[in-house]
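Trainee: I am new to this structure and would like to learn how its features get their names. Could we go through it together?

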Amino acid sequence: MAIELIAIDMDGTLLNPQHEITPAVKQALTAAINKGVQVVLATGRPLIGIQRYLQELSLQKDGFYCISNNGALVHHAKDGSIFAETTLKFDDFVYFEKMARELNVGFHALSHSDLYSTNPDISPYSVHESSITGIPLRYRGVDQIDRSLTFPKVMMIDHPERLDKAIAEIPEEAKSRYTIMKSSPYYLEILDKSVNKGQGVKVLAEKLGIPRENVMTLGDQENDIAMLKYAGLGVAMGNALDSVKAVSQFVTKTNSEDGVAFAVEKFVLND
């Protein structure tokens, strides 16, 4: 099995706990790129939170891609233009904003360019998302938001105990109509039913004519499971959830031990 495409989650996977690409990881991925492998960053982050790492890995050029918002958007890495997208509508945003208030948890929504909080008492988890990714954070009441906006995803956000309690109370009807999954202990991601990282990787691999057997994916959280299941070789990080490790073919080292580099060297560079 010759790996032709590597799709890599960012937080907890590509990045170490200091949100850095270590020299070993950069060296391994550069060697893979030089070997002709398509390296794709596949993350829950918005595009603005990916761009500095695309630049660091010299991926901002023709023929390379990235996946943002857990698969809702696939971009050309060179300029961020949209290659494929599936987003939520304003009515979906209103539905979950109301539900979050009823469940007494924080909420925010991501458009293509901004992060919207509808609560003037802005959650520290919204502030964290904005500070980590660089996406502008804006307070707007529901009636102040442009009804023509589409949203790659909306999120319930709160302390893990409160969030888990709310998750248990989300109506089954909502769970059946949308993709709903955790990306961290304090983030619940809500997307169109057809959207997940696995679908994003599938769309891209098919466009590039790469069979799934020749795809390698790496991740650590629940939102990575779909792409780990899709790939011919799904690799869980050593720091991954047990549920993520359970669906993977290989468990590499942790993100503080250059786990991505270890896996790329084992399966791509030393094939």
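Trainee: How many aromatic pairs does the structure hold?

Mentor: The structure, which is a predicted model, holds 11 aromatic pairs.

Trainee: Let's take Phe-96 and Tyr-178. What makes this pair edge-to-face?

Mentor: Two values decide that. The ring centres are 4.7 Å apart, and a pair needs centres within 6.5 Å.

Trainee: Which parts does the pair tie together?

Mentor: Phe-96 lies in helix 3 and Tyr-178 in strand 10, so the pair ties together parts that are 82 residues apart in sequence. Both Phe-96 and Tyr-178 are buried.

Trainee: Why is the pair of Tyr-125 and Tyr-186 called stacked?

Mentor: Look at the angle again. The planes of Tyr-125 and Tyr-186 are 20° apart, with 5.0 Å from centre to centre. Tyr-125 belongs to helix 4, while Tyr-186 sits in the loop between strand 10 and strand 11, so the pair links parts 61 residues apart in sequence.

Trainee: How do you know whether Tyr-125 is buried or exposed?

Mentor: Its relative accessible area is 15%. Buried means under 20%, so Tyr-125 is buried.

Trainee: And what does Tyr-186 count as?

Mentor: Tyr-186 has 26% relative accessibility. That value falls between the cut-offs of 20% and 50%, so Tyr-186 counts as partly exposed.

Trainee: Which residues form one aromatic cluster?

Mentor: Those are Phe-90, Phe-93, Phe-107 and Phe-151.

Trainee: How do you know that Arg-177 lies over the face of Tyr-95?

Mentor: Arg-177 is 5.4 Å from the ring centre of Tyr-95. The distance limit is 6 Å, with a limit on direction as well. The charged end of Lys-266 also sits over a ring, that of Phe-267, at 5.5 Å from its centre.

Trainee: Which residues touch the most other members of the largest nonpolar core?

Mentor: Of its 40 residues, they are Ile-6, Leu-14, Leu-29, Leu-41, Met-216 and Val-264. Among the elements that each supply at least two residues of this core are strand 1, helix 1 and helix 10. Another core, of 23 residues, lies apart from it, and includes Phe-151.

Trainee: What do the buried residues of helix 10 pack against?

Mentor: They pack against strand 1, helix 1, strand 12 and strand 13. Val-260 and Val-264 are among the buried residues of helix 10, and Leu-29 is in contact with both Val-260 and Val-264.

Key: Residues are numbered from 1 along each chain as its sequence is written. This is a predicted model: local features need pLDDT of at least 70, side-chain atom pairs count only at pLDDT 80 or more; totals for chains, interfaces and linings use all residues. Side-chain values use heavy atoms; hydrogens and water are left out. A nonpolar core is a set of buried Ala, Val, Leu, Ile, Met, Phe, Trp, Tyr and Cys residues joined through side-chain atoms within 4.5 Å. Buried means under 20% relative accessible area, exposed over 50%, partly exposed in between (1.4 Å probe, protein chains only). Helices (H or I, at least four residues) and strands (E, at least two) are DSSP runs, numbered from the N terminus. Contact means heavy atoms within 4.5 Å. Rings of Phe, Tyr and Trp (its six-membered ring) pair if their centres lie within 6.5 Å; planes under 30 degrees apart count as stacked, over 60 as edge-to-face and the rest as tilted. A charge sits over a ring if NZ of Lys or CZ of Arg is within 6 Å of the ring centre and within 35 degrees of the ring normal. Lists of a residue's contacts leave out its neighbours within four places in sequence.
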